[in-house]
Amino acid sequence: MHYQHWIDGRWQPSASNLTFDTPEPATGARLATLARGDATDVERAVAGAKAAFHGAWSRVDPHERARIIWRIGDVILERLEELAVLEARDGGKPLANARAIDIPRAAETFHYFAGWADKLQGDTIPVRGPYLNYTVREPLGVVGAITPWNFPFLLAARKIAPALACGNTVVLKPAEQASLSSLELGPILKAAGVPDGVLQIVTGFGAEAGAPLVDHPGVAKISFTGGTDTGKRIMRAAAGTLKKVSLELGGKSPNIIFADADLDAAAKGAARAVFYNQGEICTAGSRLLVERSVLGPVLERLEAATRAMVVGDPMQSGTGIGPLISAEHRDRVAGFIGRAEAAGATRLLGGVGEGAGYFVHPTVFTGVGPEMELAREEVFGPVLAVMAFDTLEEAVALADATDYGLA
């Protein structure tokens, strides 16, 4: 497959004519070639989005805007199977998950925000004297959206849909590791009746395409989902042009099991919480806090639930856990596993897979201390840190002992 940028309603090559390859995580083989964007491509995209904003979109009647945005959701559902296959092949997630969650909920997102387009209202404010004082909500202009590779289509929808409902235009820079489904949003929006230029899509690497988008003075807001370190850099850079910024970053969230819980349900839930989507999810329950008196029974149930998860080709029926997104990320997760063992934690099961593809089997560590890296840092992979506690107060203290926000 070969993809170019989506600019002004059509496919366009990079100004440099440079490209890059993206592999299929399940095999490591080349899946697609994409345009490698840079500041020149970002400039073209922002200029086109700004022209579309001033030219028509911000002045489209809100009821008509709502109808168009609703139609986007319908077009997505018409292409559900095709998009789910693309998402599974490009991102490594099980096809069943993409088919049941990612694509339908992206359509649902557009349907939901269609309802907001004609309900954005200002206020009337009582003031002294014979005056009418009121506020009006107006669109910002061009919104820059930078999305991650773990839920590329769904998270692109969650940025684009509200921006369009408010009358903004969008320049999307998807993650270079998984851009294919996001690129399909260009033709989807066009088919739904969105004017050319309202959505621009530039592919490429963060330093070459993402950074110029953040720095561009014609971009009024950046919406970013991804790693915390990158989010910090974006916040610092956005200060230069006083952009509005929305950031959704990392996590190290705990699940807590007390002795009076339904241990069967709790163990199964804890396994799903950390291993869904291969653990590549910012709200993953990557720490499991268990009351010491039931630690043994919980671990038995947790191991059984984990071993029941099928690791394999994401395109195969029954696969519960696919490969990680890239060789680089697999090696990063392997580093966490190796350092956890070196620090004295006990690996109950799991580890890095062998052969083709970027597989890491669901991995459970016990004997994890709160000072260990595995208890403090986001792995963003299928690795669970199990910790024991004795009292409610200790459980709360352990749960809160993190620099991340909690889910």
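Reader: Where is Leu120 found?

Author: Leu120 sits in the loop between α4 and β6 (142–146). Helices (H or I, at least four residues) and strands (E, at least two) are DSSP runs, numbered from the N terminus. This is a predicted model, where local features need pLDDT of at least 70, side-chain atom pairs count only at pLDDT 80 or more, and totals for chains, interfaces and linings use all residues. Residues are numbered from 1 along each chain as its sequence is written, and side-chain values use heavy atoms, leaving out hydrogens and water.

Reader: Is Leu120 buried or exposed, or in between?

Author: Buried means under 20% relative accessible area, exposed over 50%, and partly exposed in between (1.4 Å probe, protein chains only). Leu120 has a relative accessible area of 36%, so it is partly exposed.

Reader: Now helix α4: what span should its 20 residues have?

Author: The expected span is 1.5 Å times one less than the number of residues. For α4 (residues 95–114) that gives 28 Å, and its end C-alpha atoms are 28 Å apart, which agrees.

Reader: Which residues of α4 are buried?

Author: Among them are Leu95, Ile103, Phe110 and Ala114. The buried residues of α4 pack against α2 (62–78), α3 (80–91), α5 (152–165) and α7 (185–192); contact means heavy atoms within 4.5 Å.

Reader: And Thr363, in which strand does it lie?

Author: Thr363 belongs to strand β14 (residues 360–366). Its relative accessible area is 0%, so Thr363 is buried. Leaving aside neighbours within four places in sequence, Thr363 is in contact with residues including Phe275, Ile337 and Leu384.
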